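Thanks for coming, everyone. I'll keep this brief. Please have a look at the structure first.

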Amino acid sequence: MSVPHLTLARGDITKQSADAIVNAANSSLLGGGGVDGAIHRAGGPEILEACRALRASHYGRGLATGQAVATTAGRLPARWVIHTIGPVYSSTEDRSELLTACHTNSLAIADSLGAKTVAFPAISTGIFGWPLDNAARIAVAALRAATTDVEEVRFVLFNEAAYQAFEDAAQQ
Ligand code: AR6
């Protein structure tokens with residue numbers, strides 16, 4: 001057990017070869033827009049089938065914000081998709097602990113699967129509205145504080161602004 005090595009990449013997380021990729025999902029687990037839509041489109045119907053089965057067996061009322069759960073990655077290059085529910089940003093309430101929890105719980109699931117490389121998108125920074133710089137600092141701090149058998153955590157950033165925010169956070 002040690003601290004994972006943090007790396008940054010630009011591009012589409014569905015193209016990453018990693019043992020597991022993390023999905024910024026919603027509590028329904030039934031897909032959506034943004035990176036969630038991209039993962040389901042590229043991974044194919046097997047992922048949705050697995051999500052439906054999880055809902056039926058465990059999460060009839062939905063998966064809570066901050067929690068994480070794994071499914072097959074269908075036809076993606078990864079072996080597993082770890083679905084986590086980021087918090088919607090609020091300017092009046094501090095929800096940073098929930099964003100931290102998304103990262104630590106996803107990493108714990110990766111550990112339980114035996115994944116050694118895990119790719120994360122910038123959770124909550126799209127449709128859920130979290131300011132990039134702040135989200136990047138929370139994500140980096142959460143993963144730096146973790147002890148895990150995961151060897152590499154790779155942030156996969158979809159645009160230059162996100163890449164810059166994570167690069168700045170990683171340098172602090
Ligand atoms: N690869 C990597 N990053 C991506 C990709 C991709 N293919 N596509 C978008 N991003 P978002 P959220 C970036 O909105 O804010 C969904 O409807 C994007 O630029 O995907 O957590 C879910 O079902 C942004 O930086 O997720 C939920 O309802 C980051 O991924 C809701 O959106 C996250 O943006 C979750 O919102």
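Predicted model: local features only at pLDDT ≥ 70, side-chain atom pairs only at ≥ 80, totals over all residues.

Start with helix α3, residues 96-113. It has 18 residues. At 1.5 Å a residue, α3 should span 26 Å, and its end C-alpha atoms are 26 Å apart, so the two agree.

Which residues of α3 are buried? They are Leu-99, Ala-101, Cys-102, His-103, Ser-106, Leu-107, Ile-109 and Ala-110.

Now step off the end of the helix. Lys-116 sits in the loop between α3 and β5. Leaving out residues up to four places away in sequence, Lys-116 touches Asp-19, Val-150 and Glu-151. Gln-172 is 56 residues from Lys-116 in sequence, and their C-alpha atoms are 25 Å apart.

Last, the helix pair. The axes of α4 and α5 (residues 160-171) come within 8 Å and cross at roughly 45 degrees. The two helices are therefore oblique to each other. Their crossing is right-handed.

Who meets whom? On the α4 side we have Leu-132, Asp-133, Ala-136, Arg-137 and Val-140. They meet Ala-161, Ala-162, Ala-165, Phe-166, Ala-169 and Ala-170 in α5. By class, that contact has nine nonpolar, no polar and two charged residues.

Conventions:
Residues numbered from 1 in each chain as written. Helix = DSSP H or I, 4+ residues; strand = E, 2+ residues; numbered from the N terminus. Expected span 1.5 Å × (residues − 1). Buried ≥ 20, exposed ≤ 12 C-beta atoms within 10 Å, placed from the backbone. Contact = placed C-beta atoms within 7 Å. Axes fitted to C-alpha atoms, helices over the stretch in contact; angles between N-to-C directions. Parallel < 35°, antiparallel > 145°, perpendicular 65-115°, else oblique. Left-handed = near helix turned anticlockwise from the far one by under 90°. Nonpolar A, V, L, I, M, F, W, Y, C, P; charged D, E, K, R; others polar.
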